[in-house]
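Hi there,

Here is the structure I promised to pass on.

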Amino acid sequence: MKTIAAFLIALMIWGVGLLTFAARVDMSTPAQVPPTSEGIVVLTGASNARLEEGMRLLEDGKGDRLLVSGVNREATRADIQDVTGATKGLYDCCVDLGFTAADTVGNGRETAEWARNLGYKSVIVVTADYHMPRAMIELRSAMPEAEFHAYPIKTEAMDARSWWKTATGAKRMAFEYCKYLAILGREAFLKLGPDQERKG
């Protein structure tokens, strides 16, 4: 009985956390206008809206350069330009493509390398609304000295306000929440290490 009770309590806590996470995602859009920064990074995904919005921010002067992180290795610069709808002059001078990132951890490393090479300390982050919480943790972990400003994009394929109404929405939100918890756990564990070493 104690085991069952503990399981039910853990499940209840997880459920409450999921609802809180989903509410946070829902309230994150429409995104507030980000402060002018040195760079802009777009984390690629299923929707082209991220690329379009990232380019719009660049056109509006919200950053000096834009990095598209996690580009498919088979895509060309011309392919990405077509998706963003960018003018050739601005695209050629101020857009960089990153082909090494295969996941969010890779996005963090790729962005950090790009920003450090350019001497940037402030970056606007453009990605899907549900992906933003985890992405921000990974970016800050990869480059703690920088300031990152979130610019989440609403996911058309999943209504964050009624995500539970479809199997796809429920699966996506729950899966993302589990990955977010895993990252929080990893970061908490890493922060404990140095403190323990100093105490020793």
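The lining of the second largest pocket has five nonpolar, two polar and four charged residues (Ala, Val, Leu, Ile, Met, Phe, Trp, Tyr, Cys and Pro count as nonpolar, Asp, Glu, Lys and Arg as charged, and the others, Gly among them, as polar). Among these lining residues are Arg50, Tyr130, Lys154, Glu156 and Arg172, and the pocket's volume is about 160 Å³. A pocket here is an open set of points on a 1 Å grid over the protein atoms alone, where a 1.4 Å probe fits, with protein on both sides within 12 Å along at least five of seven lines; lining residues have an atom within 4 Å of a point. A volume is the space filled by probe spheres set on the points, joined across faces, edges and corners.

This is a predicted model, with local features needing pLDDT of at least 70, side-chain atom pairs counting only at pLDDT 80 or more, and totals for chains, interfaces and linings using all residues. Residues are numbered from 1 along each chain as its sequence is written, and side-chain values use heavy atoms, without hydrogens and water.

The largest pocket holds about 250 Å³ of space. Thr44, Ala102, Asp103, Thr104 and Asn107 are the closest to its centre of the 16 lining residues.

S1 pairs in the parallel sense with S4 (residues 122–128) over four bridges; pairing takes at least two DSSP bridges.

Best wishes

Conventions
Helices (H or I, at least four residues) and strands (E, at least two) are DSSP runs, numbered from the N terminus.
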